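Hello,

Here is the structure I promised to pass on. Please have a look, and then read my notes below.

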Amino acid sequence: MGLVGGILGFVVGLPIGLAAAYLVYLRFFAPRRRLQDPIIRPLRDLDSETLQKMMPDVPLWVKCPDYERVDWMNKFIFDMWPFLDKAICKIIRSVAKPICDQYVGKYGIESIEFGNLTLGSLPPTLQGIKVYEMREKELVIEPVIRWASIANVTMNVKVHSFELSAQLLDLHTMLTPRVTLKPLVPSFPCFSNLCVSLVEKPHVDFGFKLLGGDVMAIPGLYRFVQDQIAKQIAILYHWPKVIEIPILDGASGATKKPVGILHVKVIRAMNLPKMDLLGKSDPYVKLRLSGERLPSKKTSIKMSNLNPEWNEHFRLVVKDPETQVLELQMFDWEKLKMHDKMGVQLIPLRSLTPYESKLFTLDLLKSMNPNDQQNKKNRGKLVVELTFDPFRDDNSMSAVNSDGEGNISIKRDVPPGGGVLLVSVENAEDVEGKRHTNPYAVVLFRGEKKETKVIRKARDPRWNEEFQFVVDEAPVDEKIHIQVRSRRRGLLPFHNKESLGHVNINLVDVVNNGRINEKYHLINSRNGKLHVEIKWNTV
């Protein structure tokens, strides 16, 4: 019995003794990490070997000319850091408190709370910043961030009346994130999404103490932990993996893209009120989609008719069928005065089923205010037929082909039927007129003409305007003509307009690929270029 007790005591006591001895070693004898003031010496006093070792620490704006120096930003962060430190720590406490409270009462844990929480007096610094020039509607920035902090974060955990403390200190990091703001839109803050990814594998270094002992002093553990943290961060955030943070919600019209075509057939109106003193009424209908800045479409005018029939078709581009509504307004045409409004009505697009036609018989109202007493008056009825045709998925129309030699090409099937041609005239460069330079762009397609606004006295105008052309069949064998012109206002009709150059774009690549985004050299211009993006969506 004595032998068994001795063996059992040895087996149990040995691990406990080793653990106690190791904790004493970590607490009193292990080498401690201490921060020392750096030795500053002029570069001319250093030999080549020392300079070679210092190259990774040299700022990128010194080594790479395409990185910009941002001392003003570092100065701003340095002056703001005492306040940023307190604000960030306050956010960390508020976010961590509900998470820690979930574990209180479990596993014998009585409390979890912060002891010390400070990020130190040294702020992060930007070693350089690089901005990419993109043809897309996006802004790409690559800052190089280094942070040699003297942070001190202590967490106290009370378990069965025994208090444990863990301390994180001296956090050193080096990151090269790629920040993309896309797409750029004309609604504040002028971008819809913030996308972040890491261009290079991050460097992370820190000290960690448990019960007062430096855990990172364990042989082999320091390098293992450092590599594992950098590896896990790289797996989650290294490019091409991206963290996408939405900035503008989906309700913003600036962030929406066309998703389909609404076919509207204005059939007839019945029992319209008499609006003219000596006659009947001269009705016509205006229709538009909510959230669009395009001019309204109009039917023809039916003279002296209280029960007109139109049977006219219209096509409108839909961007959000869940929130958009079709606005219908009836007017009485007048020759010498403003046209009288006869009635109005709305149709939510969410009430439509894709690819199915639906007939609506609408009671015309004075206004859309439900408390308006004049809405009780009979103003006639309007009959329309609506059909919503969503665009086809681009991925379902693409096929990957191989020629057997390792060369792969992607071909987009061109289905029969119509669609929408979206032409975005972005900007022009180095355009100059002989007598004046007030450029604007004119887009001509199938006899339809669209114009951008005029930019006065500008050789590098930027329009960022989009035009829509709804067609019945794919424009495979057609071209679109875009001309940059200049005009001025003058009393004499001489030389008020002149051409600054033009370009003819074949649409076969647009139809086959779904999209092009190119800069074109303007014909009859010395150095002028025009940036155009064209998209083709089929229904």
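Asp79 and Lys75 sit four residues apart, about one turn, in helix α4 (residues 71–101); helices (H or I, at least four residues) and strands (E, at least two) are DSSP runs, numbered from the N terminus. These two form a salt bridge, with their closest N and O atoms 3.5 Å apart (a side-chain nitrogen of Lys or Arg within 4 Å of a carboxyl oxygen of Asp or Glu). Asp79 is partly exposed at 40% relative accessibility, and Lys75 is partly exposed at 49% (buried is under 20% relative accessible area, exposed over 50%, partly exposed in between, with a 1.4 Å probe and protein chains only).

A word on the source: this is a predicted model, where local features need pLDDT of at least 70, side-chain atom pairs count only at pLDDT 80 or more, and totals for chains, interfaces and linings use all residues. Residues are numbered from 1 along each chain as its sequence is written, and side-chain values use heavy atoms, leaving out hydrogens and water.

The structure holds 18 salt bridges. Another of them joins Glu327 to Arg288, at 3.0 Å between the closest N and O atoms. Glu327 lies in strand β15 (residues 325–332) and Arg288 in strand β12 (residues 283–289), so this pair ties together parts 39 residues apart in sequence.

Arg487 and Glu451 also meet in a salt bridge (3.7 Å, N to O). Arg487 belongs to strand β25 and Glu451 to strand β23 (residues 448–451), so parts 36 residues apart in sequence are tied together. Lys449 joins Glu451 and Arg487 in a network of salt bridges.

Best wishes
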